[in-house]
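Subject: Structure for your review

Dear colleague,

Please find below the sequence and structure that I am handing over to you. My findings follow directly after them.

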Amino acid sequence: SQSVSDDDAVRATNDDAATAKLSAVNLGYWSDPFISLFVKRTDKKIPLIHRGYYARVTAVHSILKQFMAVTTETFKQVVVLGAGFDTSYWLLKLAEQRIRWYEVDFEAVVMRKAAAIHRQTPLKTGLRVSEDEPDAPYVYKNDGQQVHTNRYHLISGDLRQWDQLKAKLAGCDFDPSLPTLVLSECVLIYLPPENAAEIIRWAGSLPQSIFVNYEQILPNDAFGVTMVSNLELRQCALLGIQAVPDLEAQRQRFLSNGFAHAHALDMIEVYSAVVQGAERTRIERIERFDEMEEWDIMLRHYCFSWAVTSQPSAFADIVLR
Ligand code: SAM
């Protein structure tokens, strides 16, 4: 079982992700005026990492935007597992949409996020719901431990104790009958397999849900793992956690836990699907590099997967583009 210092190492991966995003944003890979409000340190990363993060963020946002567009008739919900300093809610201006947004992470991470939201005006005002809701005046509660508005909820807890988090979600108006997207970006890999499966099974039991997962695969390819400095895979090996090995196993984990359809692509496929045309030319000019073999190996070690439950056929049309 994991110790407290192991958990500290896991929490620190959020700083890695946020500083890498800031490093890429500073070079113009994509625009995100909010990430620098959470992290100050620009620990400049190598070009391969920037380009990889660009593909990851673009793929996640592609699916999120399609989910938003599926229906505007009812409220929809998004649950971000291990959200860290994810800025999507601000970047995609989601306070303006009929969406309930739930972010979950360890208390130590949530406290830092709550403090930044409280201190930084753009973060605080970005939560404000613009649509008039006569019956529900805008609420903003931030005690430094949790943040709640009518629609945004930042909740602390341990994903390995899903029952407790489920109860917290229920306490924040989570409605299992609404269309729900569950997002985990480099998170499930840190959980013991039975805990990850429990969360997937919960999501798979919701009548209208889509689960989006991004994480490392091919843990047994020692050559690839060291060659691309795949930090998370190495950390998991240290923690004694085994990653889901390959694309087919990623799909099967969804299909055996209640989902009707599942897709899993490696990042080579994702990169060519989401980075195209003039945008591709722009991206590949920001930082040129010759390490095509390393780039290829790195991309093969990351998997982007999503799965849908059977009810709403609208989700079946979601593709990566
Ligand atoms: N999803 C964010 C992103 O992509 O930028 C952060 C990714 S970071 C690599 C992993 C996050 O998962 C960290 O913020 C960490 O604290 C969180 N996490 C990992 N295990 C967790 C657990 N058992 N309970 C709650 N949060 C956890």
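Strands β1 and β2 (residues 99-105) run parallel and are joined by six bridges. Helices (H or I, at least four residues) and strands (E, at least two) are DSSP runs, numbered from the N terminus, and two strands count as paired if DSSP finds at least two bridges between them. Within this pair, V80 has E103 of β2 as its bridge partner. On β6, β1 is joined by five bridges, again in the parallel sense, and there L81 stands opposite S184.

Please note that this is a predicted model: local features need pLDDT of at least 70, side-chain atom pairs count only at pLDDT 80 or more, and totals for chains, interfaces and linings use all residues. Residues are numbered from 1 along each chain as its sequence is written.

Strand β1 is mostly covered, six of its six residues being buried. A residue is called buried if 20 or more other C-beta atoms lie within 10 Å of its own, exposed if 12 or fewer, and partly exposed in between, with C-beta atoms placed from the backbone. In a regular strand the side chains alternate between the two faces of the sheet. In β1, K76, V78 and V80 point one way, while Q77, V79 and L81 point the other way.

The sheet as a whole is open and has nine strands in the order β3-β4-β5-β2-β1-β6-β7-β9-β8, with mixed pairing. Strands β3 (140-142) and β8 (261-266) stand at its edges with a single partner strand each, so one side of each has no neighbour in the sheet. On average, neighbouring strands are turned by 15 degrees against each other, direction ignored. Strands β7 (residues 209-216) and β9 (residues 302-308) pair in the antiparallel sense over seven bridges; among the residues involved, N213 has S305 of β9 as its bridge partner.

Two helices may be described with the sheet. Helix α2 (residues 47-70) lies across β1 (76-81), β6 (180-185), β7 and β9, and runs at about 180 degrees to β7. Helix α11 (residues 267-274) packs on the sheet, touching β8 and β9, and its direction makes about 90 degrees with that of β8. Axes are lines fitted to C-alpha atoms, for helices over the stretch in contact, and angles run from 0 to 180 degrees between N-to-C directions.

A273 lies in helix α11 and is partly exposed, with 18 other C-beta atoms within 10 Å. Leaving aside neighbours within four places in sequence, A273 is in contact (C-beta atoms, placed from the backbone, within 7 Å) with L320 and R321. A273 and A55 are 218 residues apart in sequence, yet 9.5 Å apart in space, C-alpha to C-alpha.

Overall, the protein has 14 helices and nine strands. Buried residues make up 41% of its 321 residues, and its C-alpha trace spans about 60 × 45 × 40 Å along the principal axes.

Yours sincerely
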